[in-house]
Protein chains: 4
Amino acid sequence: MTHPQITLIQIDNYGPWTVTPTPRRETDLQTLQSRLYADLVQLIGNQDGYVFFARFDNMVAVTNGIDRDGHAKIQESIRNRYPVTVSLSMATGKTPGEALSIATNRLQDTGSAQDATRQGVLVGDYLEAEERRGDDVQIAHFDVNDATGKYTDQLAAFDSFVRIEQSYLDLMAHLHEVHDALAFFVGGDNIIAVGGNMTREEYRTAVDHVEEVSGVDLKVGVGVGETAAEAGMEAKHALEACRSNQTRVESPQLIDGD
Amino acid sequence: MTHPQITLIQIDNYGPWTVTPTPRRETDLQTLQSRLYADLVQLIGNQDGYVFFARFDNMVAVTNGIDRDGHAKIQESIRNRYPVTVSLSMATGKTPGEALSIATNRLQDTGSAQDATRQGVLVGDYLEAEERRGDDVQIAHFDVNDATGKYTDQLAAFDSFVRIEQSYLDLMAHLHEVHDALAFFVGGDNIIAVGGNMTREEYRTAVDHVEEVSGVDLKVGVGVGETAAEAGMEAKHALEACRSNQTRVESPQLIDGD
Amino acid sequence: MTHPQITLIQIDNYGPWTVTPTPRRETDLQTLQSRLYADLVQLIGNQDGYVFFARFDNMVAVTNGIDRDGHAKIQESIRNRYPVTVSLSMATGKTPGEALSIATNRLQDTGSAQDATRQGVLVGDYLEAEERRGDDVQIAHFDVNDATGKYTDQLAAFDSFVRIEQSYLDLMAHLHEVHDALAFFVGGDNIIAVGGNMTREEYRTAVDHVEEVSGVDLKVGVGVGETAAEAGMEAKHALEACRSNQTRVESPQLIDGD
Amino acid sequence: MTHPQITLIQIDNYGPWTVTPTPRRETDLQTLQSRLYADLVQLIGNQDGYVFFARFDNMVAVTNGIDRDGHAKIQESIRNRYPVTVSLSMATGKTPGEALSIATNRLQDTGSAQDATRQGVLVGDYLEAEERRGDDVQIAHFDVNDATGKYTDQLAAFDSFVRIEQSYLDLMAHLHEVHDALAFFVGGDNIIAVGGNMTREEYRTAVDHVEEVSGVDLKVGVGVGETAAEAGMEAKHALEACRSNQTRVESPQLIDGD
């Protein structure tokens, strides 16, 4: 049974800040956003979590294994190094979607994302050490079969880009609607999903669905672990197995229909 | 008449590198990608260009005002600081889409993105100083009307995220198909498009199109300039004008139907 | 009884790399060095260690609480993100100087710093969890009394800079010769020392010595802890106590002559 | 005739900020300082200037070729990305020392470095385009002969570190007292000096002086150019010439006693 712990990370009052007193240079905003993300990746990743950039002003992290103090330290480190602050809302759930919903509601209960007085909120709960299990997190790593040969080198870059983005959105919507899973684009031709208790069959169905609606041919490796880093590394190795075995779904830890 | 200069930036042989000899930690890959992007934003932005992360392994830049030597220096700076190299392909065109197509073809002519021997390519042409004009670049900055009130604070984060992503993809596809323009998500509820010679009417039509197909209510500020930074800052001010005037399209430099 | 664990961090074959095939731009080298240092500060600091930049190509860290696996992960993260690799040599000792000597000798036994085949070495030993004590690390934080009033705002910047640097070198030499301690400049008017079992008296003598030989008036806060972060934060609070009490040495955990 | 343009860069009210409301974690301060420095290196270096970290809260840059607008853009970029602001004071002079003195006095005239109301000052003058010459900047790049063999691999790291630091301080003091030059440690076994109109003889004397007082054997390459980057790259090639020719001073552009 998976037991994901999800943290919603929101830059406080970011929209207004970007245009106060007059619009700030896009170059500086892009640098700020991508470095803030990179720092959160390091701060959370080195404690075995995963962070997805999502909208950049709202990021989503899988934080199994990071407690409230760990979150407070991350928040303080950002406050000490950036001109903006972040609010963090933690929640656990039976599915990633449920956990994110709870985290979102909790944060909104403390005030609007654009309320200038809502700064550096830290709310929510986390898995205590004794509640944690070796199968709390399920991570699926998808990529496009022969993306370079079929897209990058063949189509002009923008067509290939839009086409693959659409297939990813189809995948994200399918996984969320059917399985309450959360999937995010992570660069290149890669999507990483935080699954609930999905079976191998269900991953096969997801991959088939995307091929039907958008014609893009995906493969996926799935891993399970105590943390996102552990499950994610399993998923990467499983994806390599897809490559060598010419299969579309590999998951050493899931059995068919389990 | 716009005369965009577009540079395609490709990390050389990146896919294979990420799994050689075994898959590298996602935490390190995400950090590498977002910092490489941030550095390109600084290197190009401080010469008044814009860079879009696109797929992160393939990035797109508007580089009017940066010549071949400028590109070579950027390429060298990345080589000196990263474990990967980048190839750069420049092109100019009547539309951004045309320029990107030429740039893409030029780069592919030098070898595949996953050819281990194709490293640090620099090809293409750029606008000479005497060819440059004050209206070479058209930048449109879109955002969602009351995104915080309608989406961030109301829906659970993932629903709002997928819905806005879909509206953006609709916008990107429309602008590309109809106007050969290039549009990219830049974080928050923002899309920045590099337009061709689009009129105010055409922007209004684009915004209406998105509302029809996805129900998301956008506004857009458009600017024109010699460089992306100049046009982009105009666009930001025009977007602020939308906010104060409660309008959906503002563009001080475009006349209706021009 | 302090029991410091010191890690020597050496960029492999760095000198030759900076001039191969021809000298690289100083701008890129400075960026590389300071970012590599910043990343090590984060990687080690978020596990409660301290890193000193020292010569930048040879850095010194206090790593109590970080085991061999922790070191391996840090090393891998650098390898995944930089064009250079680092070798790490850990050692423990009765004094910081002893630990650094052992670490240095261990690393040199594996080959020269400029041996192109010596890459990514990880050697040495660390304190096992059961050996660790709450007083393993002693950190002293020095600064100059009224540096801004006396130096920054009064003398032209370079004179004040050289004068304070000389006083710091006097302090570093004294602490090393007499107490086998390691002291490093950390920016501004601050020196941080990793002490052995020094008493409050011995710190007072050190401060007096510097005033005699260089005329610079220092104060110092000293802390003791299980890790560098813990001892270092104590030291910072003690330094604040010096400021409010107008004293030159504060150390809540040391008794006179202990 | 050299005509250096020097910019003093000061973090505003930094000391008080580091302990408000209570002392901030050293890990965050070190990260902030070294990244701020790295960003200034990029912002200034990509316009062909050099920046020295000096004390980190007070940095010194050689900014020939960067005008007031260029400085304003750098200042704004830092303000948009950091929790602290910087003040910049520019000056030109017959010698680097004179320019830095003028810049320092100008900044101090606007208020103390620890005056909370003095924020984001930009004062001073710069070389207009028509005043600039191909020999405005003289850069000397020093290193230690066989530092690795003699120091890094032979002595325990800290002894070698203190010994080389002392020799550098002797060099810095000598160059400043006798020639009003500014010299800074830049990592490894390297010192970079901004010289005035020094002759080859005078560099030889400086190297001899250091050997006499501290026993450390230096070599130096000297370059002259319109900007720091140009002169600095010449200096690096000259230093390589020292290595191949087994000489202690090389400077293709200086004649003996000129």
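1. Ground rules. This is a predicted model, where local features need pLDDT of at least 70, side-chain atom pairs count only at pLDDT 80 or more, and totals for chains, interfaces and linings use all residues. Residues are numbered from 1 along each chain as its sequence is written, chains are lettered from A and ligands numbered from 1 in the order in which they are written, and side-chain values use heavy atoms, with hydrogens and water left out.

2. How chains A and B are related. Two copies of a chain are related by a rotation about an axis and a shift along it. Chain B goes onto chain A with a rotation of 180° and 0.0 Å of shift along the axis, at an RMSD of 0.0 Å. The two copies are thus related as by a two-fold rotation axis. If you want a spot to look at, take Ser34(B): its C-alpha is the one in chain B nearest the axis, 2.7 Å from it. Both copies use the same surface, as 100% of the contact residues of chain B recur in chain A.

3. Helices (H or I, at least four residues) and strands (E, at least two) are DSSP runs, numbered from the N terminus. Helix H2 (residues 26-45) of chain A packs against helix H2 (residues 26-45) of chain B at an angle of about 160°, and their axes are 9 Å apart. So H2(A) is roughly antiparallel to H2(B). On the wording: angles under 35 degrees count as roughly parallel, over 145 as roughly antiparallel, 65 to 115 as roughly perpendicular and the rest as oblique. The axes are lines fitted to C-alpha atoms, for helices over the stretch in contact, with angles running from 0 to 180 degrees between N-to-C directions.

4. What meets what in that pair. Among the residues of H2(A) in this contact are Thr27(A), Ser34(A), Tyr37(A) and Gly45(A), while the H2(B) side includes Thr27(B), Ser34(B), Tyr37(B) and Gly45(B). The residues of the contact divide into 6 nonpolar, 12 polar and 6 charged. In that count, Ala, Val, Leu, Ile, Met, Phe, Trp, Tyr, Cys and Pro are nonpolar, Asp, Glu, Lys and Arg are charged, and the others, Gly among them, are polar.

5. Most residues other than glycine have a negative phi, and most peptide bonds are trans. The bond from Thr20(B) to Pro21(B) is cis, with omega near -5°, and Pro21(B) sits in the loop between helix H1 (14-18) and H2 of chain B. Thr20(D) and Pro21(D) are also joined by a cis peptide bond, with omega about -5°. Asn13(B) is not a glycine, yet has a positive phi of about 55°; look for Asn13(B) in the loop between strand S1 (5-11) and H1 of chain B. Asp180(C), again not a glycine, has a positive phi of about 55° and belongs to the loop between H6 and strand S7 (182-187) of chain C.

6. Buried or partly exposed? Buried means under 20% relative accessible area, exposed over 50%, and partly exposed in between (1.4 Å probe, protein chains only). Asn13(B) counts as buried because its relative accessibility is 17%, whereas Asp180(C), at 25%, is partly exposed.

7. His174(C). This residue is in helix H6 (residues 157-179) of chain C, and at 11% relative accessibility His174(C) counts as buried. Leaving aside neighbours within four places in sequence, His174(C) is in contact with His179(C), Ala206(C) and His209(C).

8. Glu131(C). You'll find Glu131(C) in the loop between strand S5 (122-124) and strand S6 (137-144) of chain C. At 35% relative accessibility, Glu131(C) counts as partly exposed. Not counting residues up to four places away in sequence, Glu131(C) touches Tyr126(C) and Asp136(C).

Key: Contact = heavy atoms within 4.5 Å. Least-squares fit on C-alpha atoms with pLDDT ≥ 70 in both.
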